[in-house]
Amino acid sequence: MRKDSLSYIFIFPVLCLAAMLSGCIKNNIPYPRIQANFVTLEASGQTGTTQIDTVNRVATITLPEDANIYSVRISGYSLTPGAHIVDNPFGNPVDLSEPIYVYLELYQSYLWSITAVQNIERYFEVSGQMGETAIDVPGHRVVVYVRSGTDIKEISVIRAKLASTAATMTPDLLEGGTFDGSKPFTITTDTYGHKEVWTVYVQTVEEAVTTVSVDAWTCVAWVQGQGEAGLDNGFEYRITGSEAWTKLPESQVTHNGGAFTGCIMHLLPETSYEVRAYSNDNYGSILSFTTGKELQVPNSDFENWWLDKRVWCPWAEDGEPYWGTGNQGAATVGQSNTVPTDDTPTGTGRAAKLETKWIVVKLAAGNIFTGTYIRTDGTNGVLSFGRPFTERPVRVQGMYKYTGAIIDRASNEFKNLIGQPDTCSVWAALIDSDEPYEIRTNPNNRRLFDPDGPEVIAYGQLLNAETITSYVPFDFELKYKSTSRVPKYLIICASASKYGDYFTGGAGATMYIDDIKLVYDYK
């Protein structure tokens, strides 16, 4: 046998064994874990911008009242680069009367829900009504109240609307009419072919007037009353222990059928009061309340700072932090871009200087907020917005000036803003969530503040795009969703670039801000 043949005999089995073993080797390198998100989502005819919650993976579209929620056309969307929709349903109109669910896939699959919000004004008012109509939307029930002794077999309708402006109602009571209220009365609404049957009940009450509730703030109190519609309905109030009652001016009372609401202003903080509703010569029960404190936030004049290596901190070195900045993230590769300055409205003391800068690899907007910087996530930030707070101010005031710039850097969703003037912002919110609001700027796990979020009780803002060379006052109102909800956290945030959370703005945009004040009384 030839030598090369012997070599072949010995080498061939070794090669076969190697091939067999290589076939058994598994690839244990995991796929990257990048969450697949909707970056944008648009529907034909929607109002505002779709709210995208990457934490809970929910996209919420707001539709006008007359839109057909049963047939919504998705007109456009964008996803995390590389992601796609599994079994994409958007080729045809979708029914958003209930949430729909889609999977986004990028290495792994992520379940998203698409929901629609459609705010529909509903009302049902009758002649001689007592108080406010109770409308149970899920149960399709309507309860109206009239004074005892009223002939309920012939109830006169003043106005009625139980569905959207696009709906029809049978019988048609939009312009009024009568019905027998001694038994349940049904109304059918038809909205784009979808019918709902509503049942109307009439109940009688004995009281001529009721003082329902009072929500005490600091210098303001909101009081609710019920009486017969069309009568002289209103409120009286006094400091506890006083003899004389003060009648609330009619200009501070709003009416909704037999329900009426009063806004008592110019009250003293931390003071006990009494209030009662009246209807003609009848009076409701007396309710007592105590107003809150006139609190201000610590270091609102931005006098206290200290330098921790390269990070400027807006509190005294041995003090308790209340304000936070993005400096901790900016200083990882550059310098702080929110710093103290002696350029102030009065020429003395300190103010905060917020500057938008391009720092090596990313745009960083100068900002300051009530809360704390938690950590840096790559080149992104995780922040905690809000400090404990239970009072209810009505306005936010302060002093500021601004050096504008042209937007020269933008994230993908804001490329259309390049070349436009940058905008500075100051905004404030009161929230009642159990924890501060966590902000994440990483596009793969983004969570930014939503003024329309369910935890938001009140919100207000200032926006400005023009250069202001000398300090001027700012003053904006906090608009409340509810007078009775008590806040748990106060958020105040200022930024040299409105879209800094999206790393969008103009390098050189600079905001100076000082002397922030909470106002507790209406003018």
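Two strands are paired here when DSSP finds at least two bridges between them. Strands themselves are DSSP runs of type E with at least two residues, helices are runs of type H or I with at least four, and both are numbered from the N terminus. The structure is a predicted model, in which local features need pLDDT of at least 70, side-chain atom pairs count only at pLDDT 80 or more, and totals for chains, interfaces and linings use all residues. Residues are numbered from 1 along each chain as its sequence is written, and side-chain values use heavy atoms, with hydrogens and water left out.

**Overall form**

The protein chain contains two helices and 42 strands. Its radius of gyration, taken over C-alpha atoms, is 31 Å, whereas a compact globule of 523 residues would have a value near 24 Å (the globule rule is 2.2 Å times the number of residues to the power 0.38). Along the principal axes, the C-alpha atoms fill a box of roughly 125 × 65 × 40 Å. Of the 523 residues, 47% are buried, where buried denotes under 20% relative accessible area, exposed over 50%, and partly exposed in between, with a 1.4 Å probe and protein chains only. Among contacts with a separation of 6 or more, 67% link residues 24 or more positions apart; a contact requires heavy atoms within 4.5 Å.

Five strands make up an open sheet in the order β28-β29-β42-β35-β39, with antiparallel pairing. At its edges stand β28 (338-341) and β39 (468-477), each with a single partner strand, so one side of each has no neighbour in the sheet. The twist in this sheet averages 30° from one strand to the next, with axes fitted to C-alpha atoms and angles running from 0 to 180 degrees between N-to-C directions. Within the sheet, β35 and β42 are joined by eight bridges, and Gln-397 has Lys-517 in β42 as its bridge partner.

A further open sheet has four strands in the order β16-β17-β21-β20, again with antiparallel pairing. Its edge strands, β16 (209-216) and β20 (253-256), each pair on one side only. Here the twist averages 20° from one strand to the next.

| Strand pair | Bridges | Bridge partners |
|---|---|---|
| β35 (395-403) and β42 (510-519) | eight bridges | Gln-397 and Lys-517 |
| β12 (168-170) and β14 (185-191) | three bridges | Thr-168 and Asp-190 |
| β14 (185-191) and β15 (194-205) | seven bridges | Thr-189 and Glu-196 |
| β16 (209-216) and β17 (221-227) | seven bridges | Val-214 and Val-223 |

**Strand β14 and its hairpin**

In a regular strand the side chains alternate between the two faces of the sheet. β14 forms a hairpin with β15, with two residues between the strands, and Tyr-192 in the turn has a positive phi of about 50°.

**Cysteines**

The structure holds zero disulfides, a disulfide being a pair of cysteine sulfur atoms within 2.5 Å. The sulfur of Cys-219 has its closest cysteine sulfur in Cys-263, 11 Å away, which is too far for a bond. Cys-219 is buried, at 6% relative accessible area. For Cys-493, the closest cysteine sulfur is that of Cys-424, at 12 Å, also too far for a bond. Cys-493 counts as buried, with 9% relative accessibility.
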